[in-house]
Amino acid sequence: MKNKKRMTVFKYTGLIVGCLIVVSCQQPKKQVIWQSYSGDPIIEQKVDSVLSLMTLDEKIGQMNQYSGNFASTGAVSDNQSGEYLKRGMIGSTFNVFGADHLRMLQEQNLKYSRLKIPMLFAADVIHGLETTFPIPLAEACSWDLELMEETARAAAEEATASGVAWNFAPMIDIARDPRWGRVMEGAGEDVFLASAVARARVRGFQGISDYRDLSKPNTMMACAKHFVGYGAAQAGRDYHSVDVSERSLYDTYFPPFEAAIDEGVTSFMTAFNDLNGVPCTANNYLYKDILREAWGFKGMVVTDYTAIMELMHHGFARDLKHGAQLSLDAGIDMDMISEAFVTHLKELVEEGKVSEKQIDVAVSRILEMKFLLGLFDDPYRYFDAERQKQVVMSEANQSLARQAAQQSIVLLKNEGKLLPLSTDQALKVALIGPFVDERASLNGEWAIKGNRSRSVTLREGLEAKYKGTGVQFTYAKGTDLPLLDRSTMKASKDNQPDERGFAEAIKVAKASDIILVAMGENFHWSGEAACRTDITLPGNQRELLKALKQTGKPVVLVLFNGRPLDLSWEAENLDAIVEAWYPGLMAGHAVADVLSGAVCPSAKLVMTFPRNVGQIPIYYNAKNTGRPFDAKAPSDYKSSYIDVDNTPLFPFGHGLSYTTFEYTNIMLNAESFEQGEAITLKADIVNSGDYDGTEIVQLYIRDRVASITRPVKELKDFRKVALRKGETKTIEFTIDEALLSFRDRNLNWTTEPGEFDIWLGTSSNDESNHFVISFN
Ligand code: BGC
């Protein structure tokens, strides 16, 4: 009988659909106990028919996920994956790549899986597979949703050709604390922008129509992570507890996840942290009440890495078995690494502590994804060595990486229009700093398969750009980047760079017209578990800057880093600052494009740069308080510090250009409106400067009086407008009731009549174009 079933189920080549329908017709009609993602009755029937043939062990195996440290035979070093593989009990593996390698793994899996259920391969393709795009925080600074969709699309092209059909991205945690190392993976502090970015990235990975796009060989499942509040870790320390109000969840941390669902995201990942006392990985409120019931999410949920096991460290589960029970109860479908489900679920069913029905639901969700991806039709469909050769690191992807990096670079300061350094002049440039030749860090921490030896350094980019021109470079490193001692996970004291290189750097600087300094954070200093309490430039880089400043030459600082830094000294003392973030593969070329003026910088910050760590969390859309500080009329007992201003060093939305933009003819077609109506805001944006350029026009709104205290302003819309020198374009915004709405005391959406401030500007602190409207 077993053999017969196997033959019936496992004929992918064209016959599978027919066979499965036959199987399900032959079986007594099984009650459907799960709600499918696709809502497609044929898929539901297929899932049902496979499920009905599975033993309990086989079902539990589908809920088991490993990281890919398989040897070719399936043996592994530190877990039971080899054993479970031989029993056909692995549903998914991540961190394994390559069409040929994965074909081999799939063959192994199918050899052992009685029902020949294909394995699903996953990976963290956070900002490109081999073609590394800028880190997500940087890309978000482009405010270019189409571009972000395109880079996600290109990442999916490369990943799927290399065997990976499930992406652990996008990371959509709102983050307002730059001490936290993972701010580099998200889209910054703002709910509106981050939600739009979440949508763009989901579209890019999964395709743009609906679940049917998933069946294409070049699209992949996206995963909204980490649900939820991970970015609000106390004191900016990774994995730390999160204690936020329900209001904060609804107003700040939930919206990007709701947006991802709305865009059709197929999977969610839990967060490591506990949320208001309950670890997310076993949080019924989050996964049952909110995700499944309130939002109707029908895709699958995977834990974060060993998160079930960590329930014990949280002091929430007595042991791994208890953890398995708690997380299954919360609605988790797949266990990443902990081996909690695969070790204990059967026992828990036998003891009556969990039901087989719960397991069926989880497995159905997993099987549905495998059907939607087309894995049952052809389990080898993503292992396309030919396509891999064509798309991975293709010319098109590399040029997209350059474009994305150009669009992500933020010009923070440009005193006296020192930049750009045009190619048609005679200029001696001293090129100084540890990032001039740094290659490995340019991709940032999460460059999964990005070859760190291929990224273009700053020096290479500059030399290519200025070759044959009158601009000459002389070089001195000056100092080193302090590294991380991986054994202690500390910035080792013995490892601190010394000042031996300063003298040479000063000599080179003195003999030049201008000093171009490249500094930042080694990539291990910014990313998961890379949190800092001091967010100034690491090591003695600031000391070197001070020494260079003493030469009296103009200093341009180019930064490569993954978080907003404390640049208080730099902003006051240096002439120009360029925030390049970790730009990825084409780093040096893109920075040279911007420094030379071949590309006019247009990016705008998506996270506030504080004046010091004491201001954190600092974000533009805070509340006014009952005692707001007024810098124009300072007085005692106000909400302020005595040792630093309330204002940020660089605000959200800030970013300079080489050209200038004027906002003229700003017109509102009405000053008040009622329910069902809308106001149109029009403005002419003029490029009045000397370069072709792009302006990001930002619309902010403040609700003056409401039944819930409202932020001092909120981003509600924006336009990215490309303008040639002298060109004018008219832009238009619609202000309707939805734009003024907020969640009331019961967390229901409402719009209350009253007055609203409107600002149209180049940054969140630009209040030059201010209007007041009313909603009646
Ligand atoms: C991270 C996740 C990631 C997972 C698998 C975890 O440490 O928190 O974001 O997807 O590892 O690599």
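Modeller: Buried means under 20% relative accessible area, exposed over 50%, partly exposed in between, with a 1.4 Å probe and protein chains only. In helix H8, the buried residues include Leu147, Met148, Glu149, Thr151 and Glu158. This is a predicted model: local features need pLDDT of at least 70, side-chain atom pairs count only at 80 or more, and totals for chains, interfaces and linings use all residues. Residues are numbered from 1 along each chain as its sequence is written, and side-chain values use heavy atoms, without hydrogens and water.

Colleague: Why is H8 largely enclosed by the rest of the structure?

Modeller: Because twelve of its 17 residues are buried. Helices here are DSSP runs of H or I, at least four residues, and strands are E runs of at least two, numbered from the N terminus.

Colleague: What covers the buried residues of H8?

Modeller: Contact means heavy atoms within 4.5 Å. The cover includes helices H6, H7, H9, H17 and H18.

Colleague: H9 also turns up at a pocket. Which elements give two or more residues to the lining of the second largest pocket?

Modeller: A pocket is an open set of points on a 1 Å grid over the protein atoms alone, where a 1.4 Å probe fits, with protein on both sides within 12 Å along at least five of seven lines; lining residues have an atom within 4 Å of a point. The second largest pocket is lined by 42 residues, with Val191, Asp251, Thr252, Pro255 and Glu714 nearest its centre. The elements are H9, H10, H11, S21, H24 and S23. H10 gives the most, six residues.
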